[in-house]
Amino acid sequence: MGTSMRAALAFAGGSGQLADIDSSARPELPIKKNGKAKKPKQLQDELTGAAERIAEVQEALWAEASGGSKRSLLLVLQGIDTAGKGGTIEHVVSACGPIGVEYTAFKRPTKTELRYDFLWRIRRKLPPPGVVGIFDRSHYEDVLVARVHDLVPSDVLDARYDSINAFERELVDAGTTVLKCLLHISYDTQRERLLSRLEDPRKHWKFKVADLDERARWADYQAAFQAMLAKCDTDVAPWFVVPADSKAYRNWAVGELLRETLETMSPQYPPGDLDVPALVKRLAPPH
């Protein structure tokens, strides 16, 4: 690989165009010794290898908090239906240990949540020190769905982008690293994945007729994603666009982003004050 995944998948700020990003592309795809790109099974092997490093650094982040560190990591996954948020979590986040990981899937706001500011329910699920938090959808639903369905006036929508930027800066200033990934698929890929759900009775529970109504608004969602990226791609919390037509590449790429981000954080185990020789002596077998 020539560059880091963070550099390869970073959105180009206000000048970037989502429409120019090929959802079937595979930036930084590992190459075999014969010069050919690695296949899906080999990408899974790559992810398995990276998983060991992810687990190692994630454990250090968890341990660091016991020494008083306030740092945490928040992974935000956004994408249109069938983009693979659940699959990404299953294959990538499982690399982390069961301790120090918190997963939240945000659904349609409840009546109680609607009584508060749109960030209220988000704040209640933020990762505490030492924890890797995963958001399956997030506060960005309130500038995506709200825009597509005209749920709020345009001035309210504009204010939300500003509120999100201020909120994420607040998180970073308090010690939370924010990793935001948009899983980017094509119109044809979504069709294939929806058809696969219909063809497999075991996947019928995933299929909602309303998904087809949302698909009819494809262009509106792409415009909403573009606005989200352009307005909320900041220095402190940048967006990464992951081409996700290939499930294997998507999982590997997000895994690399997670690994690189954790390694950049470089969490450290807290220093101990144990008298190791004395403790070893106490554990010596009786004579």
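What is the handedness of the crossing in which α6 passes α10? The crossing is right-handed, a crossing being right-handed if the near helix is turned clockwise from the far one by less than a right angle and left-handed if anticlockwise. The model is predicted: local features need pLDDT of at least 70, side-chain atom pairs count only at pLDDT 80 or more, and totals for chains, interfaces and linings use all residues. Residues are numbered from 1 along each chain as its sequence is written, and side-chain values use heavy atoms, with hydrogens and water left out.

The chain holds 12 helices and five strands. Helices (H or I, at least four residues) and strands (E, at least two) are DSSP runs, numbered from the N terminus. The radius of gyration is 21 Å, close to the 19 Å that the globule rule gives for 287 residues, so the chain is as compact as a globular protein of that length. This radius is taken over C-alpha atoms, and the rule is 2.2 Å times the number of residues to the power 0.38. The C-alpha trace spans about 80 × 55 × 40 Å along its principal axes. Of the 287 residues, 45% are buried. Buried means under 20% relative accessible area, exposed over 50%, and partly exposed in between, with a 1.4 Å probe and protein chains only. Among contacts (heavy atoms within 4.5 Å) with a separation of 6 or more, 79% join residues 24 or more positions apart.

Helix α6 spans residues 141-148, and six of its eight residues are buried, so α6 is largely enclosed by the rest of the structure. The buried residues are E141, D142, V143, L144, A146 and V148. Their cover includes β1 (72-78), α5 (120-123), α7 (154-173) and α10 (218-232). Just after α6, D150 takes a positive phi of about 50°.

Two of the covering helices were examined as packing partners. Axes are lines fitted to C-alpha atoms, for helices over the stretch in contact, and angles run from 0 to 180 degrees between N-to-C directions. α6 and α10 pack at about 145°, with their axes 9 Å apart. V143, L144, V145, R147 and V148 of α6 meet D220, Y221, A223, A224, F225, A227 and M228 of α10. This contact has 10 nonpolar, no polar and two charged residues. Ala, Val, Leu, Ile, Met, Phe, Trp, Tyr, Cys and Pro count as nonpolar, Asp, Glu, Lys and Arg as charged, and the others, Gly among them, as polar.

The axes of α6 and α7 come within 10 Å and cross at roughly 165°. That makes α6 roughly antiparallel to α7. Angles under 35 degrees count as roughly parallel, over 145 as roughly antiparallel, 65 to 115 as roughly perpendicular and the rest as oblique. The crossing of α6 and α7 is left-handed. D142, V143, A146 and R147 in α6 meet L157, R160, Y161 and I164 in α7. These residues divide into five nonpolar, no polar and three charged.

Elsewhere, the axes of α3 (residues 85-92) and α11 (residues 247-265) come within 9 Å and cross at roughly 60°. α3 is thus oblique to α11. Their crossing is right-handed. G87, T88, H91 and V92 of α3 contact R250, N251, V254, G255 and L258 of α11. By class, there are three nonpolar, five polar and one charged. Helix α11 also holds R259. R259 is buried, with a relative accessible area of 17%. Beyond its neighbours within four places in sequence, R259 contacts A50, R53 and I54.
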